[in-house]
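Thanks for coming, everyone. Please bring the structure up on the screen, and we'll walk through it together.

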Amino acid sequence: MSALLSARGLTMQFRGLLAVNAVDVDVAAGSVHGIIGPNGAGKTTFFNLISGLLRPTSGSLTLDGQDVTALPPYARTRMGLARTFQNIRMFSDMSVLENVMTGMHTRLKAPGWSALLRLPGFRAEEREARAQAMELLEFVGLADKADGRSGSLAYGEQRRLEIARALASRPRLLLLDEPAAGMNPAETRELAVLLKQLGQRDVTLLLVEHDMGFVMDLCDRITVLNFGRKIAEGGPRDIRNDSSVIEAYLGSKVAERLAKAHGA
Amino acid sequence: MAEWLDDFLFTYENLIHALGIHGLLALSMYCVMALGQLSLGQAAFMGLGAYTGALLTLKLGLPFWLVLPISALVPALVALVIGGPTLRLNGVYLAISTIALGEVLRVLYINAESLTGGALGLSGIPQKASLWLVYGLLAVCIAGFWAIGRSRIGRAMEAMREDEMAAGVMGVNLPLYKLGALIASAMLAGLAGSLAAHSNSFIGPNEYGFEAAVTILSFALLGGIGTPIAPVIGAFVLTALPELLRPLADFRLVFNGLIIVLAVLFLPRGIVPFRLRRAP
Amino acid sequence: MLSQQLVNGLVLGSTYALFALGFTLIFGVLRVINLTYGFYFSVGAFVALWLARSLGASIWIALPLGSLAAGLVAVVIDGILLTRLRRTKAGELPSLMVTLGAVLALYALMAALIGTEIQRFPFGFVGSTALEFAGVRVSLVQMLIVGTAFVMVAVLFLLLQYTRLGLMIRALAENEDAARLMGINVDATVVAVSFLSGLLGGAAGVLIGLNFNAIQPFMGEAMMLRGFAVIIIGGLGDIRGALVAGILLGVLEVLTAGYLSSNAKEAVGFAILVLTLWFRPVGLFGRAQVKRA
Ligand SMILES: Nc1ncnc2c1ncn2[C@@H]1O[C@H](COP(=O)(O)OP(=O)(O)O)[C@@H](O)[C@H]1O
Ligand SMILES: [Mg+2]
């Protein structure tokens, strides 16, 4: 399998803090790749580097064989990258449907003047876009809310809308930052089904998630980050039995519980 | 034309001209604010258009159909120089450098006396901007913004206003959109300035400073920016009101300033709070 | 000739630096471009003028009280305009717009109440003696300006570096949420910063009023053009940068007026501002955070 995305020595330093520290990762085309690690491990920062919201302090990134290290986010989107955010970022005033259509930005080609004159070509493209957006909304189960204000959706619905919006650009690589966060078990199960269907649509998935069952069930390969460093990588079974992972994880989990107990 | 209409137009001709021109200025403000940018240079761009237009007409005797596009081009170039670097920076840089532009141009108009007439300004500009032209342009611009607003460009603009980072991730070329909007808005303001110069027959250096910039901003803040018509309505209200409330006199600017404060704090969507639907 | 101009430039530059210091302090800590800042400048000058004229106060009374009054005005204005926006984390542009509307209203109100004609300090308010070293004349007013600016800047630095309040201010500048978590009283710190900036702006108003001996409500507006140039050249929020950029601008303006033309002087600041934006947006010392988060 060839790597759709490769990071080499990827490093991000904030003042003194090395949030991502010399990370090498290859995401195989067609795979579902998980990134796990305790809070503050650098997972979101890693995603921000991949999507171009941050420039790495050093290291390089290639997407489909092309060096994209210096490209701005919009250029990466054109190359087939899409993402969702850990803290949902909705265009809240827009309708649900308009959010998805905004996700199609890079695919709609009718020039500005044809929109200005409302030429038939432009109108046909818009109708087609609307139909495709409705399909995506059906796929994530939000078709009946299409005309509602997106900011008024329930939390789990907003997460699904973000996925639909990201899919609207027909990405080859989709980054999902904690897609199941805040969902109840039933919603999480539905989400897993949805993501499995995506795999069949030729979308490569790179996802950050805390729900271990979810990750183990879904991912072909898992990378573990701790304090910005990659500490392990392998299939779900290897990771489950890797002692350094258990220590990093349990160690911090226990610490977290203790901190919570003290705080309360 | 009916006689009463003639009378009406004659009595209020200046006001009616001003309404149309302020409508265009409000649209130029809309053009940048619709994507979440703040330019305070609309008055400065207007002034550049006014001086360019007046000088071309007075000194070179160019025909009006040629004067107008050049009046739009000059502010566009200045917008490019100022906007080029600021658009990759935090939004306050554009705001600051455009206010500064207005101040520096005012001083330059006053000092470059041989060209601009100094503090006295330029007078005797022929009145070539007919009401038809002003309102025709206003109607075309509103329709244009409306049509664009209902396309992927309009969706990208609203996305930028709501969450610039997410808009970039959707594939919107942020610097291009910002620069395009700033240049379009400078051209529109320049046109409005040139039209104003060719309807008032007089222009002066103090008409395009800080106060004018704030007044133009107040149009868009009062009206709102949910649809292109909203800022125009804001401009109409704020232009007609002082005319009706003459007793305000010296306190007119206090009133304009307070409108901005109150609109930002308590009426963030303006008095025309509807939003354009952006899907077929 | 040149050395005399350098001295004049230095004096002018000190007032610019003093003025811009408060302006950049507000942005550095509170993340607001507060356009009412120019109004504090006018307030300082007018309060000092009123004290001098009506009560016959000396400069040693008028200068501190004028600055103090401006500081108090700054606290009140900030409280009325920005508290709500800070609470809702409305961002930089709405805050900028509110202060823009407010400053227009305030100037217009002041002009309507006081009138726009130029007013002057009473004759002999500051003695007209001057010292001469090697052909360079330095007037008493000029020494007063440089001395006051120097003392205020030094006190500000010491305060920021070595006091508990300074620590609170620096923590707030770094990260508001973190400061709150550390148990810092953010609201009190905001008040302190507003007061300090008003103090600096007011003092600059009195000193510049003295320097040109011309006081008028809109004097703060004209000064803002210098303020914008200095804080951008120095790097938004960078105190040291504002200090150096202010003095630099003063010197360059005086030299331009001397060797080029007094018209060109007005555009010097703006020209450097635009060049800075193109070539060094992070400012002189490269410490401005220019990107959005
Ligand atoms: N923009 C930023 N500036 C400074 N520090 C940051 C920034 N973004 C993240 N960090 C820090 O980097 C570390 C990693 O954060 P993050 O990537 O969000 O972790 P995760 O997503 O794994 O929980 C944290 O210590 C966080 O505080
Ligand atoms: Mg995270």
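Let me start with a definition: buried means under 20% relative accessible area, exposed means over 50%, and partly exposed is in between, using a 1.4 Å probe and protein chains only. This is a predicted model, where local features need pLDDT of at least 70, side-chain atom pairs count only at pLDDT 80 or more, and totals for chains, interfaces and linings use all residues. Residues are numbered from 1 along each chain as its sequence is written, chains are lettered from A and ligands numbered from 1 in the order in which they are written, and side-chain values use heavy atoms, with hydrogens and water left out.

Now, chain C. C:F19 is buried, and C:F41 is buried too. Their ring centres are 5.1 Å apart with the planes at 80°, so this pair is edge-to-face. The rule: rings of Phe, Tyr and Trp (its six-membered ring) pair if their centres lie within 6.5 Å; planes under 30 degrees apart are stacked, over 60 edge-to-face, the rest tilted. C:F19 sits in helix α1 (residues 2–30) and C:F41 in helix α2 (residues 37–54), 22 residues apart. Helices are DSSP runs (H or I, at least four residues), and strands are too (E, at least two), numbered from the N terminus.

Next pair. C:F39 and C:Y107 are also edge-to-face, at 6.3 Å centre to centre and 70° between the planes. C:F39 is in helix α2 and C:Y107 in helix α4 (residues 92–114), so the pair ties together parts 68 residues apart in sequence. Both residues, C:F39 and C:Y107, are buried.

Ring pairs join C:F19, C:F23, C:Y37, C:Y40, C:F41 and C:F228. Over all chains, the count is ten aromatic pairs.

On to chains A and B. How many residues of chain A are in contact with chain B? It is 33, against 31 residues of chain B. Contact means heavy atoms within 4.5 Å. The buried area is about 2900 Å², and carbon and sulfur atoms give 59% of it. That area is the accessible area (1.4 Å probe) that two parts lose on being put together, summed over both.

Finally, charges. The rule finds four salt bridges across this interface. Each is a side-chain nitrogen of Lys or Arg within 4 Å of a carboxyl oxygen of Asp or Glu. One example is A:E126 with B:R155, at 2.9 Å, N to O.
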